Amino acid sequence: MLFRSQPTSTELVAAVFSDLGSVSELLRENEEAHRAYSEAVQLNPRSADLWVKRGWLLSLRLSRPDAALADFEHALQIHSEHAEALSAAGFLKALNSSPVDASPVAIKALLVGAGDYLILRNVACIYAELARRQPIQAEMHQQIAVDLIARGIQLWQRGGKSGPNPDRK
């Protein structure tokens with residue numbers, strides 16, 4: 001949720017920069033998107049959603065996983081139950097640091113985002129990566145990933161929540 005109450009003019013300007021970042025990202029103008037998201041988080045540093053948007057850009061488009069993880073963790077300092085930030089941080093931990101650190105984050109993401117098919121997909125990705133990184137437990141992790149994807153499909157087919165943090169306006 002970008003606004004928890006009546007937005008200030010600074011929050012509105014931050015929202016404009018966020019939208020500019022989104023458009024730039026769609027146009028594959030990733031450096032411009034990064035500049036816009038950075039301006040947005042500077043203007044509205046208490047918006048966990050803005051930190052998450054920039055984190056995804058850093059992770060997926062700019063191949064800067066350490067900076068992305070820092071943004072997701074910053075979002076979690078603002079909102080400790082931000083399901084998208086949890087699932088994203090868990091995935092980066094599974095990819096880049098000790099896989100042991102990923103599992104507790106994945107579980108917390110599930111606890112707060114179990115009704116959201118995109119969160120289930122993100123957590124399934126964590127377990128798929130854990131299966132690759134932990135061969136002894138691969139079968140168990142693979143089964144968890146498959147079960148999460150199946151549940152996500154069920155939610156989607158029933159018209160479940162359409163994406164992360166559905167309380168967003």
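Trainee: Where does Ser63 lie?
Mentor: Ser63 sits in the loop between α3 and α4. Keep in mind that this is a predicted model.

Trainee: Is Ser63 buried or exposed?
Mentor: Exposed, because its relative accessibility is 58% and the cut-off is over 50%.

Trainee: And what is the phi of Ser63?
Mentor: Near 50°. That is a positive value in a residue other than glycine. Most residues other than glycine have a negative phi.

Trainee: Which loop holds Arg28?
Mentor: Arg28 is in the loop between α1 and α2. Its phi is positive, about 65°, and Arg28 is not a glycine either.

Trainee: Buried or exposed, that Arg28?
Mentor: Exposed, with a relative accessible area of 57%.

Trainee: OK, on to helix packing. What numbers do I need for a pair?
Mentor: Two packed helices are described by the angle between their axes and the distance between those axes.

Trainee: At what angle do α1 and α2 pack?
Mentor: About 165°, and the axes are 8 Å apart. Helix α1 covers residues 9-26 and helix α2 covers residues 30-43. The angle is over 145°, so α1 is roughly antiparallel to α2.

Trainee: Left-handed or right-handed, the way α1 passes α2?
Mentor: Left-handed.

Trainee: Which residues of α1 and α2 meet?
Mentor: From α1, the list includes Val13, Phe17, Leu20 and Ser24. From α2, it includes Ala33, Ala36, Tyr37 and Leu43. The contact of α1 with α2 divides into nine nonpolar, six polar and three charged residues.

Trainee: You mentioned Ser24. Is Ser24 buried or exposed?
Mentor: Buried, with a relative accessible area of 3%. Ser24 is in helix α1.

Trainee: What is Ser24 in contact with?
Mentor: Glu29, Glu32 and Ala33, leaving aside neighbours within four places in sequence.

Trainee: How far is Ser24 from Leu86?
Mentor: Their C-alpha atoms are separated by 25 Å. Along the chain, Ser24 and Leu86 are 62 residues apart.

Trainee: Next pair. How do α3 and α4 pack?
Mentor: At about 165°, with axes 8 Å apart. That angle makes α3 roughly antiparallel to α4. Their crossing is left-handed.

Trainee: Which residues make the contact of α3 and α4?
Mentor: On the α3 side, they include Trp51, Val52, Arg54, Trp56 and Leu58. On the α4 side, Ala68, Asp71, Phe72 and Ile78 are among them. By class, the contact of α3 with α4 has 10 nonpolar, three polar and two charged residues.

Trainee: Switching to rings. How many aromatic pairs does a search of the whole structure find?
Mentor: One. Trp56 and Phe72 form it. Their centres are 5.3 Å apart, with 65° between the planes. The pair is edge-to-face, because the planes are over 60° apart.

Trainee: Which helices hold Trp56 and Phe72?
Mentor: Trp56 lies in helix α3, residues 48-61, and Phe72 in helix α4, residues 65-78. So the pair ties together parts that are 16 residues apart in sequence.

Trainee: Is Phe72 buried or exposed?
Mentor: Buried, with a relative accessible area of 0%.

Trainee: Back to helices. At what angle do the axes of α1 and α3 cross?
Mentor: Roughly 20°, and the axes come within 11 Å. That makes α1 roughly parallel to α3. This crossing of α1 and α3 is left-handed.

Trainee: Which residues meet there, between α1 and α3?
Mentor: Ala14, Ser18, Ser22 and Glu25 in α1 meet Leu50, Lys53, Leu57 and Arg61 in α3. The contact of α1 with α3 has three nonpolar, two polar and three charged residues.

Trainee: Last one. Where does Val100 lie?
Mentor: In helix α6, residues 99-113. Val100 counts as exposed, at 57% relative accessibility.

Trainee: And how far is Val100 from Leu130 in space?
Mentor: 8.8 Å, C-alpha to C-alpha. In sequence, Val100 and Leu130 are 30 residues apart.

Technical notes. Residues numbered from 1 in each chain as written. Predicted model: local features only at pLDDT ≥ 70, side-chain atom pairs only at ≥ 80, totals over all residues. Heavy atoms only, no water. Phe/Tyr/Trp six-rings, centres within 6.5 Å; stacked < 30°, edge-to-face > 60°. Helix = DSSP H or I, 4+ residues; strand = E, 2+ residues; numbered from the N terminus. Buried < 20%, exposed > 50% of the residue type's maximum accessible area, 1.4 Å probe, protein only. Axes fitted to C-alpha atoms, helices over the stretch in contact; angles between N-to-C directions. Parallel < 35°, antiparallel > 145°, perpendicular 65-115°, else oblique. Left-handed = near helix turned anticlockwise from the far one by under 90°. Contact = heavy atoms within 4.5 Å. Nonpolar A, V, L, I, M, F, W, Y, C, P; charged D, E, K, R; others polar.
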